[in-house]
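This report describes the pockets and the sheet of one protein model. The sequence and structure are shown first.

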Amino acid sequence: MENGSLTKKQVLLYYCIEMEDVARKIAADSDCIHLHSINWRSFEDGFPNLFINKAHNIRGQHVAFLASFSSPAVIFEQLSVIFALPRLFVASFTLVLPFFPTGSFERMEEEGDVATAFTMARILSNIPISRGGPTSVLVYDIHALQERFYFGDHVLPLFETGIPLLKQRLQQLPESEKIVIAFPDDGAWKRFYNQLGNYPAVICTKVREDDKRIVRLKEGDPAGCHVVIVDDLVQSGGTLIECQKVLAAHGAAKVSAYVTHGVFPKRSWEQFLHKDDGSEKAFTYFWITDSCPVTVKAIANKAPFEVISLAGSIADALQT
């Protein structure tokens, strides 16, 4: 073991302001990862005034940057740092972008639609090459796997998943609970069923009735089971709520949910909170990772939410 630990590469990890808590967890998880900071300042006109601390000391070192593109307002300042770091004579550069924010806008349905997932991938594909070669771009549970081909040859997309962390959490539940995995649509099933094959599956589907899209049970039996709905991300949460109602109507004893990315615009997480008025709790647990730090801060210590950290997984991936 001692010889193996000597071969691990030392990584200098920079991070954006939103990701500081996650960065500290990553560093705490591995003695091979060392935190370095950026001075995030602005000029009076609002444009960024940035400084990379210890820039001379990172020459010849393996360097990574932990990003959060939580809104268009913060992307430019982070891109400025991301494009600067590989040019400082570093041995290698890795961009850790746990949530690829435009991933669900990956296709055109009619002429004139703009596939912003392709736009974002093209921007990141122009990150300068470091001395060690192309930049590695680490993303968790990107919305569509074909988005790998949106990236150019100057970067190496590394797609990881939060599902092993969910499986660890499910193993901590009482053995008496019969766990069944529910997929809210065929897309989620195709994406995740191979990784969750040890559990019985329930598949829901969306059908159009008049002007509404209705969630129906397509396959499987949730009766008497603790059903966990699994998907890559949640926005408004409407599909999850409709899926829970269908599962409960078919006899599910409990319903929980897991999404890697809890985006929840406009505080849409509020509709999932447990109330103290004795009303029925639709979701027993709602697991998210810390890929969206704004959400993590907002839902802290609020049932049914529970945060599963990607820190250990990111620390391992930085050794790739």
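Contact here means heavy atoms within 4.5 Å. Axes are lines fitted to C-alpha atoms, for helices over the stretch in contact, and angles run from 0 to 180 degrees between N-to-C directions. Helices (H or I, at least four residues) and strands (E, at least two) are DSSP runs, numbered from the N terminus. The model is predicted: local features need pLDDT of at least 70, side-chain atom pairs count only at pLDDT 80 or more, and totals for chains, interfaces and linings use all residues. Residues are numbered from 1 along each chain as its sequence is written, and side-chain values use heavy atoms, with hydrogens and water left out.

**Sheet and helices**

Helix α7 lies across β9, β10 (201–209), β11, β12, β13 and β14, and runs at about 45° to β11. Seven strands form an open sheet with mixed pairing, in the order β11-β10-β9-β12-β13-β14-β15; two strands pair if DSSP finds at least two bridges between them. At its edges are β11 (212–219) and β15 (305–308), each of which pairs on one side only. From one strand to the next, the twist averages 25°. Four bridges join β14 (residues 286–289) to β15 in the parallel sense, and Thr-289 stands opposite Ile-308 in β15. Helix α5 (residues 163–170) also packs on the sheet, where it touches β9 (179–183), β12, β13 (254–262), β14 and β15. The direction of α5 makes about 125° with that of β15.

**Pockets**

On a 1 Å grid over the protein atoms alone, a pocket is an open set of points where a 1.4 Å probe fits, with protein on both sides within 12 Å along at least five of seven lines; lining residues have an atom within 4 Å of a point. A volume is the space filled by probe spheres set on the points, which are joined across faces, edges and corners.

| Largest | about 880 Å³ | Ser-104, Arg-107, His-143, Asp-185, Asp-232 |

The elements that give two or more residues to the lining of the largest pocket are α6 (186–192), β12 (226–234) and α7 (238–249). By class, this lining has eight nonpolar, nine polar and 10 charged residues. Ala, Val, Leu, Ile, Met, Phe, Trp, Tyr, Cys and Pro count as nonpolar, Asp, Glu, Lys and Arg as charged, and the others, Gly among them, as polar.

For the second largest pocket, α3 (72–84) and α8 (293–299) each give two or more lining residues. The largest share, four residues, comes from α8. The lining of the second largest pocket divides into 18 nonpolar, eight polar and two charged residues.
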